[in-house]
Amino acid sequence: MYRLWVRSHADMPLRIYQIVNTFRYETKHTRPLIRLREITSFKEAHTVHPTWDAAAAQVEAGLKIYREFYQRLAIPVIVSKRPEWDKFPGADYTMAVDALMPEARTLQIGTAHHLATNFSKTFEITYEDAEGAQQYAHQTCYGISERCIAALISIHGDDRGLRLPPEVAPIQVVIIPIIFGESGDVVEACQRVEAALKARGVRVRVDSSDERPGAKYYRWELKGVPLRIEIGPRDLKKNSCVIVRRDTAEKRSVPLEVVSDTVLELFEEIHTNLFRIAKKRLDESIIDCDTLEEAREKASSNICRISWCGRKDCGLEMEDNTKSLPWNV
Ligand SMILES: [Zn+2]
């Protein structure tokens, strides 16, 4: 296709976005969300450029998108260059984005490949440059898979279930009516708060099922809904409600007239808090090591930072010694 689309330097940069469905033939070591058998939504960028430098700039642009995307999921990442023997086959070089999972293992949650002219030579993707000469085009590719969801669930979850950053929570606020006997006023107040939040673009639901409030709390906590609002007769007397944060379990009484503003402020605070907790864990897990022995001891529960001359034999020795993969940062 690129052969048809790229004829002259004026056709570039060419940037294609595609969603990929595919099936993994080797069935060993598949894991839900991390290494799927049936891949349904790899989201990929494929780009074509006139020069090596232009493709390298696109790789940088791709990494910037990764950083911003994971920032919005409140996931801190390490960006590194993969060593020669661990790059994508056919890539000039591979940049990778990794996150730290709870069991102290890293998970590669993105890669950006500079393909140089390796594929354009195979598929004859050439263009006419400004001087009229035929040149091979330079390509890149990068993308995300369901692994971003695995990282989101694992990194933020706690013993009570999911904790979702508000921006990506399908339900951001759940309102629980606390009803004793006559319920008319309480239900009406819940609906008013729901309408006010909806008007501000908040994804909100009133849980008016027949269960006890405690059972409702438990269920919505499990699903990671960032905020719970409780409204009962006692709150109504004070013209207020109780807002409970999923991330910290902190409760506060809030006057009804400022509920929407408070909710939007708390969304920011929750995001910042989830990122801060994850970043602290990541930073604390990075340990400076002086010797391979030290790295071997610590690599199973940490990310070890150690000097490396960049030579392959030394890198492979490190890999053997520590049972870990070296990255260049
Ligand atoms: Zn060396």
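1. Basis of the note. The model is a predicted one, in which local features need pLDDT of at least 70 and side-chain atom pairs count only at pLDDT 80 or more, whereas totals for chains, interfaces and linings use all residues. Residues are numbered from 1 along each chain as its sequence is written. Helices (H or I, at least four residues) and strands (E, at least two) are DSSP runs, numbered from the N terminus.

2. Domains. The domain assignment of the protein gives domain 1 as 2-156, domain 2 as 166-265 and domain 3 as 294-329; such bounds come from an automatic or database domain assignment. Between domain 1 and domain 3 the C-alpha centres lie 25 Å apart, and the contact takes 11 residues from domain 1 and 10 residues from domain 3, where two residues are in contact if their C-beta atoms, placed from the backbone, lie within 7 Å. On the side of domain 1 that touches domain 3, strand E3 gives the most, with three residues. The residues of that side divide into five nonpolar, two polar and four charged, with Ala, Val, Leu, Ile, Met, Phe, Trp, Tyr, Cys and Pro counted as nonpolar, Asp, Glu, Lys and Arg as charged, and the others, Gly among them, as polar.

3. The six-stranded sheet. Six strands form an open sheet in the order E1-E2-E8-E5-E4-E3, with antiparallel pairing; two strands pair if DSSP finds at least two bridges between them. Strand E1 (14-23) and strand E3 (78-81) are the edge strands, each pairing on one side only. From one strand to the next the twist averages 20 degrees, with axes taken as lines fitted to C-alpha atoms, for helices over the stretch in contact, and angles running from 0 to 180 degrees between N-to-C directions.

4. Pairings within that sheet. E3 is joined to strand E4 (residues 93-100) by four bridges, the two running antiparallel, and isoleucine 78 stands opposite aspartate 98 in E4. Strand E2 (residues 38-49) pairs with E8 over seven bridges in the antiparallel sense, and the bridge partner of histidine 46 in E8 is cysteine 141. Five bridges join E5 to E8, again antiparallel, with alanine 116 opposite glutamine 139 in E8.

5. Cover of that sheet. Strand E8 is mostly covered, six of its seven residues being buried; a residue is buried if 20 or more other C-beta atoms lie within 10 Å of its own, exposed if 12 or fewer, and partly exposed in between, with C-beta atoms placed from the backbone. Helix H4 (residues 147-156) lies across E4, strand E5 (106-116) and strand E8 (138-144), and runs at about 150 degrees to E5.

6. The five-stranded sheet. Here an open sheet has the order E10-E9-E11-E12-E13 and mixed pairing. Strand E10 (204-206) and strand E13 (251-255) stand at its edges with a single partner strand each, so one side of each is left without a neighbour in the sheet. The twist averages 25 degrees from one strand to the next. Helix H8 (residues 259-285) lies across E9, strand E11 (227-231), strand E12 (240-245) and E13, running at about 10 degrees to E12.

7. Strand E9. All five of the five residues of E9 are buried: Val173, Ile175 and Pro177 point one way, and Val174 and Ile176 the other way. The chain crosses from E9 through helix H5 (residues 184-199) to E10 in a right-handed β-α-β crossover, meaning that, with the strands pointing away from the viewer, the path from the first strand over the helix to the second runs clockwise. Strand E9 (residues 173-177) pairs with E10 in the parallel sense over three bridges, and valine 173 stands opposite valine 204 in E10. E9 also pairs with E11 in the parallel sense, over five bridges, and there the bridge partner of valine 173 is leucine 227.

8. Loop residues to look at. A cis peptide bond, with omega about 0 degrees, joins methionine 12 and proline 13, and proline 13 has its place in the loop between helix H1 (2-5) and E1. Leucine 33, in the loop between E1 and E2, has phi near 65 degrees, a positive value in a residue other than glycine. Leucine 33 is partly exposed, with 15 other C-beta atoms within 10 Å. Asparagine 239 likewise has a positive phi, about 55 degrees, although it is not a glycine, and its place is in the loop between helix H7 (233-237) and E12. With 10 C-beta neighbours inside 10 Å, asparagine 239 counts as exposed.
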